[in-house]
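Me: Please look at the structure below, and then let us work through a few questions about it.
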Amino acid sequence: MFSVTAMRLRHGAPRCWESQRAIATVISGNKTSQQVRERLKKDVAEMKSHLPGFRPGLVVLQVGDREDSNLYISMKLKAAADIGIDANHIRLPKTATEDEVLWNIEAVNDNPAVHGLIVQLPLDSINQIDTEKVTNAVSPDKDVDGLSSINAGKLARGDLRSCFIPCTPNGCMELIKQTGVSVSGKNVVVIGRSKIVGAPMHDLLLWNHATVTSCHSKTLDLAAQVGRADILVVGAGKAELVKGEWVKKGAVVIDCGINHIPDSSKPAGKRVVGDIHYLSAKERAGYITPVPGGVGPMTVVMLMENTVKSAKRFLQMYKPGKWNISYRKLKPLKPQPSDVQISCSYPRNPIGQLAKEVGLLSKEVEPYGRTRLKVRVEVLKRLDKQPNGKYVLVTGITPTPLGEGQSTITLGLAQALGAHLNINAFASIQQPSPLSSFGIKGCAVGGGYSQIIPMEEVSLQPSGDNEAVSAASSLLVDTIIAYCHYQTKYSDKVLFDLLVPFRDGHQYFSPSQLNRLQKLGIEKSDPLTLTEQEIRRFIRLDINPDARTDFASLKNEIMAILSLSSSAEDLQNRLAKVVVAISRYEELITTEDLGVSGALALLLNNALKPCLMQTLEGTPVFVHTSPSADIAYGNVSVVADKIALKLVGPQGFVVTETLHSADADMEKFFNIKCRSSGLQPDVVVLVATVRALKMHGGGPGITAGFPLPKQYSEENLKLLEKGCAHLKGQVEKARTYGLPVVVAVNTFSSDTKAELELVCSQARQAGAFDAVLCTNWSDGGAGALALAQAVQKAAELPSQFHYLYELELPVIKKIQKVAQNIYGIKDVELSPKAKEKLAFYMKQGFGDFPVCIMKTQSSLGNDSEKKIVPTDFTLPIIDVQVFVGAGFLSLLTLTTNDCSEEPTWPCFHGNNDLYSNSQ
């Protein structure tokens, strides 16, 4: 029984009565394709109504300039424009290599605005190109031609809903549907077995319940096979192969062939015919497609349908501003296993999948082992127009030997925001040093159910930042030593030829050497034109052996530069300004003067890329820069934070941390890092623990690895209340910058309800926006859910952020501002040496730099043993250094009772299963 469409086809078809026989109904591909086009237009309009500005994207990639390919491509582009698809044509020259073709395909695969990619075949190149390799390089999700092995495999096994069906077979099925003839149960013969038509046509008919016979050039008695076909599909590529008398009466005949045969009556001397003798087959068939005007128009429109289908799939997965991360569900165990056992008990998501889920393109990441990716800084250029997310700083009260769990809270907060509140969230932390990995902190970065995995890689297999900084520092020291040695040994001419060697019979200045000449006021670029006096000024640095920057200071500054740089260009510019020595004439000598800044930038190029990892629950984390250089600046890199803020989008959150406490590193975060990056935080999270506050209240000393005194394991509200004065002071200092402060109380099993309530109450009285309890060490992100909700609310407040001081203030005033407002100190006192060096640096024009006070992180004063808040106290400053590349003045304080030389009991005792478990 025919459908309404079929009846219309019948009644509308021209008939020629001869011996009472009706000529076959012609199935018009032009009319059917127009119907499909109208349907697709409505689909595209509906997409736009749900997401204004959205358009399905299609790219046609062509190699060469074949005339027939150009014709087909123009038809595709015209159809796309008519439907509302944003179509682009990439044409590569005939000289294109296979690698160039694959690179272009990879770029399109990564482009989220493109939903369909067609590689126009054949590939017209003078170079050998593997067509199979090229078609399989197209992402299966964008393979709207349906030619990749993955889509072909899915079709072969009947996964019709999850694959793209090749356009010609799909068009044939649409034409068969127009007849009203059901495919199910019919005998179908397919002539041809090409990957584009015959083979997929067979599979498509088979999974639509037809009994299918495939015929080809080796098939015996082809006429007999054709005569049994209720439906005949021919794609043999041979003109008029099938004769009309072979066709079964009333059969549906689909002709996919396009061939040219001589015809003197035509202007071109030839005409287009199909694979079937049309006139004779028309007299026996029930339905037949013409050539041209049959399958051809359907191939193009089905390509458009696949593109629209791909765009629909994209929109089903994509929510504007929302990631689609596969977070892991945790099942915390009681009693709690070790950090090592927890890390090894949960499978990791593929790191490449996580990168794709957060919006990174494959060309923007580089594998670094099995579980880490280095992220290229160039991603910032692509995301330049993307608004930043909310910026949250996690810091802590002045630390005790046991630590306050800052990193654990940082990761737990990111887990809670991402995995539990379904908000785009990124954590950003420094990579641990071996000292922290095997010291107080333990092997984990974070801890318990809020840690980065795999533990052994993040803790014990560094990502190369510290190593690169060490190599750069060593290069500088070696270069300075070489200069000092050879300048006393060789003549000006010999040294000049060493610095500006002959290449192909000519001498050329390097860019850094040209900069040095400009600095000296020598406006010349040809080495041969320099006078003897100019040569001498150029090569003789006259380094004062007693005024050379030592290895540790160089390493400190280079790590700070790595942390503060926003791009590769910024990195190189900063490195060029590093002061390595002072001449006998009190001139500053920089890396640019040594001609080594370019080599330093090359050494640090890979270290500038933050390392992407994941938490136990699958939240993305950037691990970047290292505190092992022991610099007082101590903050996560600007690059890591900037990339994360762009990736999370305006509704997302980036949770970063300071290395130590609110009084020391938070001040540097605001006054140095935020000034350098231009970023402004939205919320401060201040981490505290009951036992740490008891210590600040005058509790007995604690030694890591040894049993705690009973004051810390038993309720002691009097001691705790006294210590809360320290917490109040830290809350007030954080609020000095105009930001809301949320206190996160990292709880332990020994804490009592009364103690926890006291801490929260005291924090709120001090002006904290909120104070919440955190159990994420034992519960994962769920244990930081209250903190995440409080941070969300705090971030909605209007920003009133401001710096502690203006850069135009005299240096001594800036130092006093920090000392008095942050440390609570009465005044500062500079030693004669510090005064002399500060005066020299101010004379050099560095008075507008922010200040970085290097002091013990164990107390607010300079005595690491005193935990109380200092009042009537003067801070002694014994030395001053200028870090011109990093952009700040470093002031070293005199520290008393420093226990830093006392060894810490290593944590690997009791963790000897680390290696075996990691295997």
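Reply: Buried means under 20% relative accessible area, exposed over 50% and partly exposed in between, with a 1.4 Å probe and protein chains only. This is a predicted model, in which local features need pLDDT of at least 70, side-chain atom pairs count only at pLDDT 80 or more, and totals for chains, interfaces and linings use all residues. Residues are numbered from 1 along each chain as its sequence is written, and side-chain values use heavy atoms, with hydrogens and water left out.

Me: Is Ala 795 buried or exposed?
Reply: Ala 795 has its place in helix α33 (residues 785–795), where helices are DSSP runs of H or I with at least four residues, and strands are runs of E with at least two, numbered from the N terminus. Not counting residues up to four places away in sequence, Ala 795 touches Lys 390, Phe 653 and Val 683, a contact being heavy atoms within 4.5 Å. With a relative accessible area of 4%, Ala 795 is therefore buried.

Me: Which residue has its backbone oxygen 3.0 Å from a polar atom of the side chain of Ser 125?
Reply: Ser 125 lies in the loop between β4 (116–119) and α5 (131–137), and its relative accessible area is 17%, so Ser 125 is buried. Leaving aside neighbours within four places in sequence, the residues in contact with Ser 125 are Val 63, Lys 94, Thr 95 and Ala 96. The backbone oxygen at 3.0 Å from the side-chain polar atom of Ser 125 belongs to Lys 94.

Terms used:
A polar contact is a pair of N or O atoms within 3.5 Å; within protein, one must be able to donate a hydrogen and the other to accept it, and residues adjacent in sequence count only if both atoms are side-chain atoms.
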